[in-house]
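Please keep the sequence and the structure in view while reading.

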Amino acid sequence: MYNKWGKFFEFTYGGIQVEILKVSSRSVPNSVAGAVSGVIRDSGAVEVQAVGAANQAIKAIAIARGYLAPLGIDLICIPAFASVLIDGEERTAIKLICEER
């Protein structure tokens, strides 16, 4: 199933299909925050993954909270680890599952 941006929902969390947003050290936190806010408004949950870019991901989520608060949406974040394949190598990523409280 595809969302309005043409991206495939990658997993199910709490019965909701959730999109995974990948953050790199070159990601602009305001842009990621806009994407997080859009997905939260559309589906209620999003997973943000970062390998070596946890700082950018955390900044983006903090900014997204500010974008969503005036709409009455209280964004929460559940941190966890995920194994991802990058160039054939298994790496550990920080995954931040974000949803409405």
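**Confidence**

The structure is a predicted model. Its protein chain has an average pLDDT of 86, and 84% of the residues score at least 70. Among the elements of the chain, helix α2 has the highest mean pLDDT, 95, whereas strand β1 (residues 11–13) has the lowest, 61. Over residues 1–7 the pLDDT stays under 50, and the model has 16 contacts for them beyond four places in sequence. Where pLDDT is low, the predicted coordinates should not be read in detail.

**Strands and a turn**

Strand β5 (residues 89–100) runs antiparallel to strand β3 (residues 45–50), and six bridges join the two. In this pairing, Gln 49 stands opposite Lys 95 of β5. Strand β4 (residues 75–86) is also antiparallel to β5, with twelve bridges between them. Here Ile 76 stands opposite Glu 99.

β4 and β5 form a hairpin, with two residues between the strands. Asp 87 lies in the loop that connects them. This residue has a positive phi of about 50°, although it is not a glycine. Most residues other than glycine have a negative phi. Asp 87 is also exposed, because its relative accessibility is 78% and the cut-off for this class is over 50%.

**Helix α1**

Helix α1 has 15 residues and spans 21 Å from its first C-alpha to its last, close to the 21 Å expected at 1.5 Å a residue. Its buried residues are Pro 29, Val 32, Ala 33, Val 36, Ser 37, Gly 38, Val 39 and Ile 40. Ser 31 also belongs to α1, which covers residues 29–43, but Ser 31 is exposed, with a relative accessible area of 51%. The C-alpha atoms of Ser 31 and Ile 63 are 9.7 Å apart, while 32 residues separate them along the chain. After the helix comes Gly 44, which has a positive phi near 90°.

**The nonpolar core**

Which residues touch the most other members of the largest nonpolar core? Of its 20 residues, they are Val 23, Val 36, Ile 40, Val 46, Val 48, Leu 75 and Cys 98. The elements that contribute two or more residues to this core are β2 (16–23), α1, β3, α2 (54–68) and β5. In soluble globular proteins, nonpolar side chains tend to be buried together.

Leu 75 illustrates these contacts. Not counting residues up to four places away in sequence, Leu 75 touches Val 36, Ile 40, Ile 61, Ala 64, Arg 65, Leu 68, Cys 98 and Glu 99.

**Salt bridges**

Side chains of opposite charge can pair when their charged atoms come close. In the whole structure, a search finds two salt bridges. They are listed below.

| Residue pair | N to O distance |
|---|---|
| Arg 65 and Asp 74 | 3.1 Å |
| Asp 74 and Arg 101 | 2.7 Å |

The pair of Asp 74 and Arg 101 links distant parts of the chain: Asp 74 is in the loop between α2 and β4, and Arg 101 is in the segment after β5, 27 residues away. Through shared partners, the salt bridges join Arg 65, Asp 74 and Arg 101 into one network.

How accessible are these residues? Arg 101 is exposed, with a relative accessible area of 70%. Arg 65 is partly exposed at 38% relative accessibility, and Asp 74 is partly exposed at 29%.

Terms used. Residues are numbered from 1 along each chain as its sequence is written. This is a predicted model: local features need pLDDT of at least 70, side-chain atom pairs count only at pLDDT 80 or more; totals for chains, interfaces and linings use all residues. Side-chain values use heavy atoms; hydrogens and water are left out. Two strands pair if DSSP finds at least two bridges between them. Helices (H or I, at least four residues) and strands (E, at least two) are DSSP runs, numbered from the N terminus. Buried means under 20% relative accessible area, exposed over 50%, partly exposed in between (1.4 Å probe, protein chains only). A nonpolar core is a set of buried Ala, Val, Leu, Ile, Met, Phe, Trp, Tyr and Cys residues joined through side-chain atoms within 4.5 Å. Contact means heavy atoms within 4.5 Å. pLDDT is the predictor's confidence in each residue, from 0 to 100. The expected span of a helix is 1.5 Å times one less than its number of residues. A salt bridge is a side-chain nitrogen of Lys or Arg within 4 Å of a carboxyl oxygen of Asp or Glu.
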